[in-house]
Number of protein chains: 2
Amino acid sequence: MSTAAFLRPRAAQDLPARLARSAAVTGTGRHLRTEDVTGWLDERARAHRFTVRRVPLDRIEQWSFAPGTGDLVHRSGRFFAVRGLAARVDEGPYGSWQQPVIHQPEVGILGILAKEFDGVLHFLMQAKMEPGNPNLLQISPTVQATRSNYQRVHSGSEVKYLEHFTGAPPHLVLADSLQSEHGAWFYRKANRNMVVEAADTEVPTTPDHCWLTLGQLGELLRLDHVVNMDTRTVLGCLPLQGSEPGALHSDAGLLSWFTAERARHDVDVRLMPLADVKGWTRNADGIGRPDGRFFRVTGVSVEAGNREVTGWSQPLIEPCGAGMAAFVFRRLGGVPHLLVHARVEAGFLNRLELAPTVQCGLRDWEEAQAADRPLFLEAVLRAVREGGARYSAVHSEEGGRFLNACVRYLFVEADEDMALVEAPRGYAWATVGQLNTLVAHGHYLNVQARTLLACLNSGAVRL
Amino acid sequence: MSTAAFLRPRAAQDLPARLARSAAVTGTGRHLRTEDVTGWLDERARAHRFTVRRVPLDRIEQWSFAPGTGDLVHRSGRFFAVRGLAARVDEGPYGSWQQPVIHQPEVGILGILAKEFDGVLHFLMQAKMEPGNPNLLQISPTVQATRSNYQRVHSGSEVKYLEHFTGAPPHLVLADSLQSEHGAWFYRKANRNMVVEAADTEVPTTPDHCWLTLGQLGELLRLDHVVNMDTRTVLGCLPLQGSEPGALHSDAGLLSWFTAERARHDVDVRLMPLADVKGWTRNADGIGRPDGRFFRVTGVSVEAGNREVTGWSQPLIEPCGAGMAAFVFRRLGGVPHLLVHARVEAGFLNRLELAPTVQCGLRDWEEAQAADRPLFLEAVLRAVREGGARYSAVHSEEGGRFLNACVRYLFVEADEDMALVEAPRGYAWATVGQLNTLVAHGHYLNVQARTLLACLNSGAVRL
């Protein structure tokens, strides 16, 4: 065998075109018409008879408060734990604070299997129940597994399709990077976000799975609460390429801005015993703040049929009120640019990541002084009131960890009041192509920014 | 102004060619012949009359052991501290251990100013003394400053040329990324590695600075102890592009391998009080191990004329014996590939980074059982004995933190015994172009790998 036979091109030249072709196929795919997908979710819900009810924190089976620290931990020592976190940052209205946080050092896999049917890439999606979803079942990745999950700590059945991801030959991997979860609620959690092609393999499906095109996923992303967070973050990592003729900043210039932002912030974050966290109290409802702000830690008990185990209990984080995540965009030289924010979140591995222009819990800011409110919040709220958003849908965050965590996702075109070219400190204009390049390397875009990028990648919104 | 005027190309198309042109200019540059550079270093040493002498740890001016923790700290609370570190890893001969570690959460700047003279890019290099360098003065970046340094915590004079880096307009930035320092000795330390062009600005030089071409720096990199670590790491980040026709793995495949490596390792690292570190003892010589292995913490006192302050004392880490860092390479399909190692170091921000094929302290492995020795160590040592290394030079590591830390850097072509295509677990073949692409994003290549990449970028070695 000649060594020349070893060489591959460094990038699969036809992949962006194949993804664009899949994004162009809407209305129907190999399995289902898009309009029938929510019916299929309802049907699967009926088939499985799921019930979720709240339980007090001290009555969650297999979970207990560890002596000494007061951390909320699973009997196996695996899965995740709720611990305390102490943060000190150099900017923003808070300065320093303590809070409960989810600690889960293991890296999970969020994987979507792709396969071409009749020349069009389809993605194998799962109707999956998560106890924190307001509507329980949502469209989920082919595989969504913590390492405890797939190493079968809870002695459940094996994770279907997992072998496509753990044993993927490199040339079938379309995307594979470590991406953060919510930095406000997780301590340095990352998942592998993977898209793998099943090229010549037959892939048997189950009643809980179906093949959808990227365009169908885009249609579903225009609906509230249908496409789950894990799907959105993986779709935000698809290897699309910008065909833009240029950008306000060169890639090197954009990276330099981001590097300077990471370098200039002092962020000191430490885990601490949950029992010692100041400003939070534990009562029958869970762990929360007397002023009712931010979130509380609560418990649920689940009865289910098609999960790896047939029933379980667990803690969940329940936000106090809905959130918002909005990209302000404008055209520069005819090319759409998004105003990205270099946002510090206490749980990020590396101080800050790129976030939407506005990202906040709405209720937390209602009483805040005008000067403390996030930049552009008023402008985005005004656009929403006047029906001027280019895209608006409510999605719920990871239902395996968060209870009814609803966030309105928006794209809002800069109006005359905001039509700035010179971005304020901590913000920069970036093209969609530039974000697609960065996201491949992980820990650049936060989960909210990746959700909005998924809307662009799938054609749910066009700027 | 039309908005079209805002657009720039995402990448400066001519930059790789300009860097290649600079790398091709050897022998002499605008200021000095290459052969006169070491004479210039000697002359600057004589002009400044530097003296460095050892002092006991408890006699370092302005430094003391903090009550309670026993951490070695500066009176200002700035600069760096020597603390304890507890590590638990899932692979390798050690498993879990404790050690002293340098803690310095601030991000410093390592910056090289570039400017074209007669159509050739030159780099403004500094003859700089660092107390841990075996020969005191080495070729250093234009600017090498901790944040404490440039915010003038020690009330010294200002850092020359700093304004080119802190106020660089994005279009003049050629490279700017956060890069790790030695993960065995630093806890999550990162520096901004910057190359900035001074396009239309006159740049006055001082007797301690001179303009050198990339090719001249390559010539100097063939000598021992002339080009300091900070210069090497910045040169390892130059935005060169591979012109290779292909690679063993696509870029996506290589990233997937790396992501899987990061995901599979359990690494638990915590700071702890220095006083409680097990296996290390403090005596008149410093803090070390009774078995004399690894390193010790020691102190020096410096008298100098051209530093930001005229004299100071500080702790240094002194390795017990020399180290080695070697890339094994081979041609696949005519294209040189380097065998990179996904290496866990306790101080890395994100578990592991890409390292040379072999990287170790030589003395630590002399007594080790064969099975515990690093893969390829014997093969590389054999190549060195037989004079078969393509590149071999001894460089010293960061002289501001390490005392006489000498590492032999090597490129060794795979001989018949090692001519494997299937890399062992934890290793992968990557082209030089692929490493150049990755390094731009930071925290991918460790400092030893960046040193060896600098040798390639500057033409010190050709594979």
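1. In this predicted model, the hairpin of strand 4 and strand 5 of chain B has six residues between the strands, and B:Gly92 there takes a positive phi near 95°. Strand 4 (residues 81-89) and strand 5 (residues 96-103) of chain B are antiparallel and share eight bridges. B:Ala87 has B:Trp97 in strand 5 of chain B as its bridge partner.

2. Strand 4 of chain B also runs antiparallel to strand 14 (residues 267-272) of chain B, with six bridges joining them. Here B:Val89 stands opposite B:Val267 of strand 14 of chain B.

3. B:Trp185 lies in the loop between strands 10 and 11 of chain B and B:Phe402 in the loop between strands 23 and 24 of chain B, so the pair ties together parts that are 217 residues apart in sequence. B:Trp185 counts as buried at 15% relative accessibility, and B:Phe402 is buried at 0%.

4. B:Phe402 also pairs with B:Phe186: the ring centres are 5.6 Å apart and the planes stand at 80°, so this pair is edge-to-face. B:Phe186 is buried, with a relative accessible area of 1%.

5. In chain A, one aromatic cluster is formed by A:Tyr94, A:Trp97 and A:Phe294. The charged end of A:Arg282 sits over the ring of A:Phe65, 3.5 Å from its centre. In chain B, B:Arg282 lies over the face of B:Phe65, at 3.5 Å from the ring centre.

How values were computed
Residues numbered from 1 in each chain as written. Chains lettered and ligands numbered in written order. Predicted model: local features only at pLDDT ≥ 70, side-chain atom pairs only at ≥ 80, totals over all residues. Heavy atoms only, no water. Pairing = 2+ DSSP bridges. Helix = DSSP H or I, 4+ residues; strand = E, 2+ residues; numbered from the N terminus. Buried < 20%, exposed > 50% of the residue type's maximum accessible area, 1.4 Å probe, protein only. Phe/Tyr/Trp six-rings, centres within 6.5 Å; stacked < 30°, edge-to-face > 60°. Lys NZ or Arg CZ within 6 Å of the ring centre and 35° of its normal.
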